[in-house]
Amino acid sequence: MRRPLIAGNWKMNGSKIDAEELLRGVIAGVADMNKVDVAVCPPFPYLYVAEQMLAETAVGWGSQDVSREEGGAFTGQTSAAMLTDFGCRYAIVGHSERRQFNGETDSIVGRKYARAVAEGIIPILCVGETLEERESGKTEEVVGNHIDAVINLSGVEALAHGVVAYEPVWAIGTGVTATPDQAQEVHAFLRARVAAKSREVADQLRILYGGSMKPGNAVDLLAQSDIDGGLIGGAALKAADFVSICQAAQSSV
Ligand code: PGA
């Protein structure tokens, strides 16, 4: 049985005071949940706040991105080693907003994944198709390429050190969620893709769903056999909603 993970992706939202308030709500809300891993991914400047407030709790924290470089003259970037310095357990890599607005290619994402693993950080690898790609029947090709970027660069074993998040681009921030069947189909495809290289890695790999997951649809999504948690955007900005999704994961076990 895979232990569910619910991770909040705060994106570029909030202030220091908002971050503190949100963290207080999450800490109190999930304190008794022992069957689910919970994590938050605040903007970089607030990782220090997360470290201060979460260190003595079971809630993990992570970044929304990581540099593919080890260190040096890379203005504006943050290395995996710096993230470990702030206690980050996770780093989101290859989010579709970074692919879209920051020109991240599969090969860049593959290198970021490898850097995170090299520093002992669990990368959360985002994969997902656009609406146009779905409508032209390319979903499997696209998400297959996204996951192959890691397998080809680092080997299938690298997936034993990370988490995958299936995030259909058309469902992110739109209020339109993939149906549980639609999501399950892609999750099963991804697991089979990994199983073709290693059944053991595939069986242990946590595949999260992301894209307008909220309290009202979390139970049905998390009931699917290949959905092992969620990467939550909008609903992670309200402690009560995020906690309620964590509760759905806790009850799904
Ligand atoms: P959403 O975002 O929950 O607001 O759709 C999810 C994500 O982009 O990780």
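Biologist: Which residues of helix 10 meet helix 11, and which residues do they meet there?
Modeller: From helix 10, Pro-215, Ala-218, Val-219 and Leu-222. On the helix 11 side they meet Asp-241, Ser-244, Ile-245, Ala-248, Ala-249 and Ser-252. Bear in mind that this is a predicted model.

Biologist: How many nonpolar, polar and charged residues does that contact have?
Modeller: The contact of helix 10 with helix 11 has seven nonpolar residues, two polar and one charged.

Biologist: At what angle do helix 10 and helix 11 pack, and how far apart are their axes?
Modeller: Helix 10 covers residues 215-222 and helix 11 covers 239-252. They pack at about 20°, with axes 9 Å apart. Angles under 35 degrees count as roughly parallel, so helix 10 is roughly parallel to helix 11.

Biologist: Left-handed or right-handed crossing?
Modeller: Helix 10 passes helix 11 in a right-handed crossing.

Biologist: Now helix 5 and helix 7. What is the angle there?
Modeller: About 55°, with the axes 9 Å apart. Helix 5 is residues 106-118, and helix 7 is residues 139-154. The two helices are therefore oblique to each other. Their crossing is right-handed.

Biologist: Which residues make the contact?
Modeller: Helix 5 supplies Asp-106, Gly-110, Arg-111, Tyr-113 and Ala-114. Helix 7 supplies Asn-145, His-146, Ala-149, Val-150, Leu-153 and Ser-154. By class, the contact of helix 5 with helix 7 has five nonpolar, four polar and two charged residues.

Biologist: New topic: Arg-98. Where does it lie?
Modeller: Arg-98 is in helix 4, residues 96-101.

Biologist: What does Arg-98 count as, in terms of accessibility, and why?
Modeller: Arg-98 counts as partly exposed, because its relative accessibility is 23%. The buried class stops under 20%.

Biologist: What is Arg-98 in contact with, leaving aside neighbours within four places in sequence?
Modeller: Gln-64, Asp-65, Gly-103, Glu-104 and Lys-112. Separately, the C-alpha atoms of Arg-98 and Val-109 are 9.7 Å apart. Those two residues are eleven apart along the chain.

Biologist: Backbone next. What is phi of Lys-11?
Modeller: Phi of Lys-11 is near 55°, a positive value in a residue other than glycine. Lys-11 sits in the loop between strand 1 (5-9) and helix 1 (16-30).

Biologist: And what about phi of Ser-212?
Modeller: Ser-212 has a positive phi of about 55°, although it is not a glycine. Its place is the loop between strand 7 (207-210) and helix 10.

Biologist: Is Ser-212 buried or exposed?
Modeller: Ser-212 counts as buried, because its relative accessibility is 16%.

Definitions and conventions:
Residues numbered from 1 in each chain as written. Predicted model: local features only at pLDDT ≥ 70, side-chain atom pairs only at ≥ 80, totals over all residues. Heavy atoms only, no water. Helix = DSSP H or I, 4+ residues; strand = E, 2+ residues; numbered from the N terminus. Buried < 20%, exposed > 50% of the residue type's maximum accessible area, 1.4 Å probe, protein only. Contact = heavy atoms within 4.5 Å. Axes fitted to C-alpha atoms, helices over the stretch in contact; angles between N-to-C directions. Parallel < 35°, antiparallel > 145°, perpendicular 65-115°, else oblique. Left-handed = near helix turned anticlockwise from the far one by under 90°. Nonpolar A, V, L, I, M, F, W, Y, C, P; charged D, E, K, R; others polar.
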